[in-house]
Amino acid sequence: MKTIFWAICTALIAVWAWAAPAANQAGAKLYAANCQGCHGVGAGGVNGVGPVLKGEVAGWKFELFKRAVLTGVNDAGETMNPAMPHFAKKGFAGKTPTDAQLREIQAYLKSLK
């Protein structure tokens, strides 16, 4: 019984390790195309333009992260300064980002050290 348990655990870890980089790749591409210009390579922030996204922001609840991206309102309910483009209007390549795209970006941000 223990052998079966460990075999299942090993298989699940292998699947997770295989799937995680793919999600981060999709998020990395979306980040590079839509966020990197203001928040910098590696989400480290750009002085006077966009704040650091890795760390605290990456850990926001998804609903708060989504609100920030779409409306420019932060986790405290305040309009961001400097202003965040409202991607609900501007979109990614002209289309409002989907929840799946936003989750991919947030997953990418969470993967950054």
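What pLDDT does the protein chain average, and what share of the residues score at least 70? In this predicted model, the protein chain averages a pLDDT of 83, and 80% of the residues score at least 70.

**Figure 1. Confidence along the protein chain of the predicted model.** Helix 5 has the highest confidence in the protein chain, with a mean of 96. Confidence is lowest in helix 1, where the mean is 63. Over residues 9–20, pLDDT stays under 50. For this stretch the model has 1 contact beyond four places in sequence. Where pLDDT is low, the predicted coordinates should not be read in detail.

**Figure 2. The largest nonpolar core, which has 21 residues.** Tyr 31, Ile 105 and Leu 109 are the residues with the most contacts inside this core. Two or more residues come from each of helix 1 (2–34), helix 3 (62–71) and helix 5 (99–111). Helix 3 gives the most to the core, namely 5 residues. The contacts of Leu 109 may be followed individually: leaving aside residues up to four places away in sequence, Leu 109 touches Tyr 31, Ala 43, Leu 53, Lys 54, Ala 58 and Phe 65.

**Figure 3. Aromatic pairs, of which the count comes to 2.** Tyr 31 and Tyr 108 form a tilted pair, with 5.5 Å from centre to centre and 45 degrees between the planes. This pair links distant parts of the chain, as Tyr 31 belongs to helix 1 and Tyr 108 to helix 5, 77 residues apart. Both Tyr 31 and Tyr 108 are buried. Phe 87 and Phe 92 form an edge-to-face pair, with ring centres 5.2 Å apart and 80 degrees between the planes. Phe 87 has a relative accessible area of 5% and is therefore buried. Phe 92 is likewise counted as buried, at 7% relative accessibility.

**Figure 4. The salt bridge between Lys 66 and Asp 99.** The count of salt bridges comes to 1. The side chains of Lys 66 and Asp 99 meet with a distance of 2.8 Å from N to O. Because Lys 66 lies in helix 3 and Asp 99 in helix 5, the pair ties together parts that are 33 residues apart in sequence. Lys 66 is partly exposed, at 27% relative accessibility. Asp 99 is also partly exposed, with a relative accessible area of 33%.

**Figure 5. Buried residues of helix 3 and the charge over Phe 62.** Phe 62, Phe 65, Ala 68, Val 69 and Leu 70 are buried in helix 3. Helix 4 (87–90) and helix 5 are included in what covers these buried residues. At Phe 62, the charged end of Arg 103 sits over the ring, 3.8 Å from the ring centre.

**Figure 6. Leu 64 in helix 3, and Gly 72 just after this helix.** Leu 64 counts as partly exposed, with 26% relative accessibility. The C-alpha atom of Leu 64 is separated by 5.6 Å from that of Asp 75, although the two residues are 11 residues apart along the chain.

Note on methods. Residues are numbered from 1 along each chain as its sequence is written. Side-chain values use heavy atoms; hydrogens and water are left out. A nonpolar core is a set of buried Ala, Val, Leu, Ile, Met, Phe, Trp, Tyr and Cys residues joined through side-chain atoms within 4.5 Å. Buried means under 20% relative accessible area, exposed over 50%, partly exposed in between (1.4 Å probe, protein chains only). Helices (H or I, at least four residues) and strands (E, at least two) are DSSP runs, numbered from the N terminus. Contact means heavy atoms within 4.5 Å. Rings of Phe, Tyr and Trp (its six-membered ring) pair if their centres lie within 6.5 Å; planes under 30 degrees apart count as stacked, over 60 as edge-to-face and the rest as tilted. A charge sits over a ring if NZ of Lys or CZ of Arg is within 6 Å of the ring centre and within 35 degrees of the ring normal. pLDDT is the predictor's confidence in each residue, from 0 to 100. A salt bridge is a side-chain nitrogen of Lys or Arg within 4 Å of a carboxyl oxygen of Asp or Glu.
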